[in-house]
Amino acid sequence: MNHVSDDELVFLHYGDGPSPESAEHVEGCAECRTRLRALGDELGAALAPSAPPRPADYGAQVWARLEPRLPAEPARARVLRPFGRRPWRKLTGLAALAAALVVAFLLGQRFPAPSPPISAEVRERILLVAVGNHLERSQMILVELANAPTDVPLDVSAERASADVLVSANRLYRQTALRSGETALAAVLEELERVLIEVAAGPEHLSPADLGELQRRIEARGLLFKIRVVGSQVREREKAPPPSAARAS
Amino acid sequence: MEDAAAVAKARAGDREAFRLLVERHSHVLFRLAYRMTGNEHDAEDVVQEAFIKAYRSLDRFEERSEVGSWLFRIASNCAFDLLRSRQRRERLVDGREPEEDAFARTPSTDPDPERLAASADVRRKVDVALARMSARERSAFVLRHFEGRSLDEIGHALGMDVNATKQSILRAVRKVRQVLAPVVESGAAS
């Protein structure tokens with residue numbers, strides 16, 4: 001097979017249904033793995049633009065401007081609904097990706113592989129890439145929180161929303177890690193999950209005292225350090241030649 | 001009061017219940033709108049428009065859905081519409097095609113490694129890449145990359161099928177890579 005195209009690598013990076021052939025090729029091709037890592041580095045540098053801060057009473061301000069513009073009554077419920085309307089899916093991209101990977105991973109262990117087959121090695125590689133990306137995203141949130149100034153209230157609504165998404169994915173990765181005997185990884189994911197839950201369930205605006213307390217907890221657990229260590233271990237395992245390739249050479 | 005209960009009350013004409021939803025979700029919608037439009041005033045307009053649309057379509061809210069996701073989808077759609085009309089306006093005013101001409105006009109990447117290595121510069125480069133994107137590319141990229149939404153969700157919010165969504169993301173990623181590759185390479189080399 002020819003090298004995997006840049007487009008396929010993008011799908012692989014985001015977990016958006018790369019073909020089994022592509023995934024298998026990347027697994028055994030050092031050049032494509034290097035290209036995938038380069039893509040991850042480039043896209044990883046593309047952080048979201050920082051939105052200008054809004055005041056704590058922003059919602060009230062929005063309402064004050066909005067209320068005069070609202071119609072007297074909202075639209076009444078109709079008896080009939082159009083066919084084909086799909087409910088808004090709860091799973092966000094990360095959670096869906098996590099679920100797909102974990103299900104694929106577990107199914108692959110229990111049932112004969114479908115055609116074309118994806119080897120256990122390939123599944124593990126894909127899982128490693130996904131976990132690596134998950135740790136990077138989680139780290140970004142924790143770094144932002146850990147380095148935020150504690151002299152003013154902080155709007156953490158975006159971090160809160162992201163944490164909410166990451167919690168679901170984290171839970172699946174942790175369970176998979178436990179089933180696979182990856183106890184060290186599972187332990188770090190468990191610690192990470194506690195903090196993510198705390199952020200996701202917390203208020204959208206943290207007082208200086210609350211933020212300081214959260215920062216102390218992150219620091220006391222050495223969580224950022226642990227995530228960096230485990231993340232780099234995961235990335236190293238990604239880079240390492242697969243056992244099958246090592247056997248072949 | 002839970003979001004779903006607030007929607008039910010608002011649907012029955014309780015404006016205070018709708019106020020609760022506005023106050024609860026404004027920050028997140030503003031953040032999303034800003035990421036999609038890259039402009040504070042446009043983002044404010046999107047937030048207002050999104051809540052008006054939500055109010056008018058309360059009857060269409062699916063009770064099994066999450067209110068936050070429903071509002072998120074409406075706001076994404078409003079921001080997408082605003083981006084498209086903004087680019088149409090630009091075309092009418094000076095006849096340029098945002099997807100192509102803006103791409104050509106934007107300065108090429110600065111080769112100075114020290115300057116480019118700074119995170120502020122990386123952010124500026126990301127802004128440049130976002131400015132080079134069409135409304136469709138930018139919306140799809142923001143929702144996939146920054147917001148972590150699935151292809152289905154993005155397609156649903158922007159009214160595109162999965163293939164069109166994928167193509168938009170691919171084109172956007174190419175533009176991001178074009179500006180960031182030299183930065184990341186120089187950062188890795190130093």
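## Predicted complex of chains A and B

Where pLDDT is low, the predicted coordinates should not be read in detail. For chain B the average pLDDT is 82, and 81% of the residues score at least 70, while the predictor gives the complex an ipTM of 0.82 and a pTM of 0.58.

This is a predicted model, in which local features need pLDDT of at least 70 and side-chain atom pairs count only at pLDDT 80 or more, whereas totals for chains, interfaces and linings use all residues. Residues are numbered from 1 along each chain as its sequence is written, and chains are lettered from A and ligands numbered from 1 in the order in which they are written.

Chain B contains 10 helices and zero strands. Of its 190 residues, 46% count as buried, that is, with 20 or more other C-beta atoms within 10 Å of their own C-beta atom, these atoms being placed from the backbone. Of the contacts in chain B with a separation of 6 or more, 67% are between residues 24 or more positions apart.

At the interface, 47 residues of chain A are in contact with 56 residues of chain B. The side of chain A that touches chain B takes its largest share, seven residues, from α4(A), and by class this side has 28 nonpolar, four polar and 15 charged residues. Ala, Val, Leu, Ile, Met, Phe, Trp, Tyr, Cys and Pro count as nonpolar, Asp, Glu, Lys and Arg as charged, and the others, Gly among them, as polar.

Within chain A, the axes of α1(A) and α3(A) come within 10 Å and cross at roughly 65°, the axes being lines fitted to C-alpha atoms over the stretch in contact, with angles from 0 to 180 degrees between N-to-C directions. The table lists the residues that make this contact.

| Helix | Contact residues |
|---|---|
| α1(A) | Leu9(A), Val10(A), Leu12(A), His13(A) |
| α3(A) | Arg35(A), Leu36(A), Leu39(A), Gly40(A), Leu43(A) |

These residues divide into six nonpolar, two polar and one charged.

Conventions: Helices (H or I, at least four residues) and strands (E, at least two) are DSSP runs, numbered from the N terminus. A residue is buried if 20 or more other C-beta atoms lie within 10 Å of its own, exposed if 12 or fewer, and partly exposed in between; C-beta atoms are placed from the backbone. Two residues are in contact if their C-beta atoms, placed from the backbone, lie within 7 Å. pLDDT is the predictor's confidence in each residue, from 0 to 100.
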